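Open the model in your viewer and keep the selection tool at hand. We will go stop by stop.

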Amino acid sequence: MLEVSQDRQVKHNQSVKFRQESQQLQAAAHLSVHHGVCNFEAELQRKLGTTKGMVQSLEQILLAVNQELAGLARARQRVKSMVVHLQEKFGVNKARQQVCYDRPAHEQTCDEVTLSLSQQDVLFANVLERLQHAQGLLAASTDRLTNCKQQLVRDKISALKVNKAVLGVKSGTSAASLASSPSSATDHSFASVTGGRKASSGSRYTHTWEKNTQTLVQEAQLLTADAGRLRHAVKQLLQAAHAANQAATQQLDDALAAKLGSIYALKGKLGAELSNVQEERNKAASQRDSLKKIVQDKQ
């Protein structure tokens with residue numbers, strides 16, 4: 001009987017030990033799942049914060065790109081208007097030079113008007129060449145910014161899709177998977193949207209789209225800065241072209257005014273000489289008539 005009692009006691013002790021170990025394992029499992037869920041939530045918030053920051057950066061640079069594109073469009077329109085204006089003046093200048101060339105040989109002189117027309121011809125040709133070069137630069141800058149804008153818009157759409165995918169992870173992920181790898185679910189969703197590849201064993205997905213987006217944003221910032229400097233240079237070119245046009249026009253106007261003044265002065269002088277000649281002619285005719293009468297009376 002004593003041996004039976006001892007055997008029962010041993011079995012009872014073993015049963016109590018098994019129950020205690022089982023309870024400890026269950027508590028450890030619950031704790032592991034709890035930690036897994038907490039880690040998943042932290043990872044989820046990190047992913048959302050990353051994409052939210054990306055979207056904000058993309059929206060800011062897109063706003064700057066749109067403003068710069070509008071500025072480039074205005075600059076191109078101003079340059080185009082100046083080119084048309086100078087081309088018209090260039091044609092008028094050529095026509096005036098042709099009038100000078102069509103004069104008889106004895107009337108062709110290298111006066112201030114002819115010299116001003118020649119100077120304007122060289123000036124307009126030079127300014128038009130620079131403005132047309134500026135048109136090409138503005139068009140190229142516009143094309144680069146437009147292409148960059150399209151890439152920024154695509155990246156923004158991708159970032160918004162990533163946000164949507166991350167927000168949908170929780171409902172489609174089991175507690176067991178969270179406990180085993182809390183970041184695997186979000187990494188899988190990121191990879192499905194962005195095309196990320198799995199790195200070496202045990203590492204997370206390498207989201208190259210994040211680095212590419214940052215590089216694209218930096219490139220867009222450089223392009224907008226370059227476009228701003230180009231617009232400033234074009235503005236200075238337009239101001240210089242306007243000033244040179246005004247100075248050349250004023251010089252020609254002064255030369256024409258001086259030429260007209262000298263012509264009017266010569267006309268006045270010739271008119272006075274003509275009056276004197278006519279007066280002398282009339283006097284001579286009167287004297288001739290008087291002498292003729294005297295001769296007739298003596299006869």
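A salt bridge is a side-chain nitrogen of Lys or Arg within 4 Å of a carboxyl oxygen of Asp or Glu. Keep that in mind for the first stop. Note too that this is a predicted model.

**Stop 1: R229 and D226**

Select R229 and D226. Their side chains meet in a salt bridge, with N to O at 2.2 Å. Why are they separated by about one helical turn? R229 and D226 are three residues apart in helix α5. Now look at how open each one is. R229 has a relative accessible area of 52%, so it is exposed, since exposed means over 50%. D226 has 37% and is partly exposed. In general, side chains of opposite charge can pair when their charged atoms come close.

**Stop 2: more salt bridges**

How many salt bridges does a search of the whole structure find? It finds five. Select E279 and K283 for another one. Their closest N and O atoms are 3.8 Å apart. Both residues lie in helix α5, four residues apart, about one turn of the helix. E279 is partly exposed at 42% relative accessibility. K283 is partly exposed too, with a relative accessible area of 42%.

Go on to R288 and D289. They form a salt bridge, with the closest N and O atoms 3.8 Å apart. R288 is exposed, at 57% relative accessible area. D289 is partly exposed, at 44%.

**Stop 3: the whole chain**

Zoom out and colour by secondary structure. From the N terminus on, the order is α-α-α-α-β-β-α. The protein has 299 residues, and buried ones make up 27% of them.

Residues 24 or more positions apart account for 85% of them.

**Stop 4: the largest nonpolar core**

Hide the surface and select L131 and L152. These two have the most contacts inside the largest nonpolar core, which has 30 residues. Which elements give two or more residues to this core? They are α1 (2-101), α2 and α5. Helix α1 gives the most, with 11 residues.

Show the neighbours of L131. Leaving out residues up to four places away in sequence, L131 touches V79, M82, V83, L86, L237 and L238. Another core, of five residues, lies apart from the largest one; among its members are C100, V113, L117 and L252. In soluble globular proteins, nonpolar side chains tend to be buried together.

**Stop 5: S141**

Select S141 in helix α2, which runs over residues 112-167. Is S141 buried or exposed? S141 has a relative accessible area of 5%, so it is buried. Show what surrounds it. S141 touches L72, A227 and L230, not counting residues up to four places away in sequence.

**Stop 6: a patch on the surface**

Bring the surface back and select L260, I263 and Y264. Together they make a nonpolar surface patch of about 320 Å². L260 counts as partly exposed because its relative accessibility is 43%.

Note on methods. Residues are numbered from 1 along each chain as its sequence is written. This is a predicted model: local features need pLDDT of at least 70, side-chain atom pairs count only at pLDDT 80 or more; totals for chains, interfaces and linings use all residues. Side-chain values use heavy atoms; hydrogens and water are left out. Patches are made of residues with over 30% relative accessible area and no salt bridge: like charges are joined within 9 Å, nonpolar side chains (Val, Leu, Ile, Met, Phe, Trp, Tyr) within 5 Å. Accessible areas come from the Shrake-Rupley method with a 1.4 Å probe; for residues, only the protein chains shown count as cover. Buried means under 20% relative accessible area, exposed over 50%, partly exposed in between (1.4 Å probe, protein chains only). Contact means heavy atoms within 4.5 Å. A nonpolar core is a set of buried Ala, Val, Leu, Ile, Met, Phe, Trp, Tyr and Cys residues joined through side-chain atoms within 4.5 Å.
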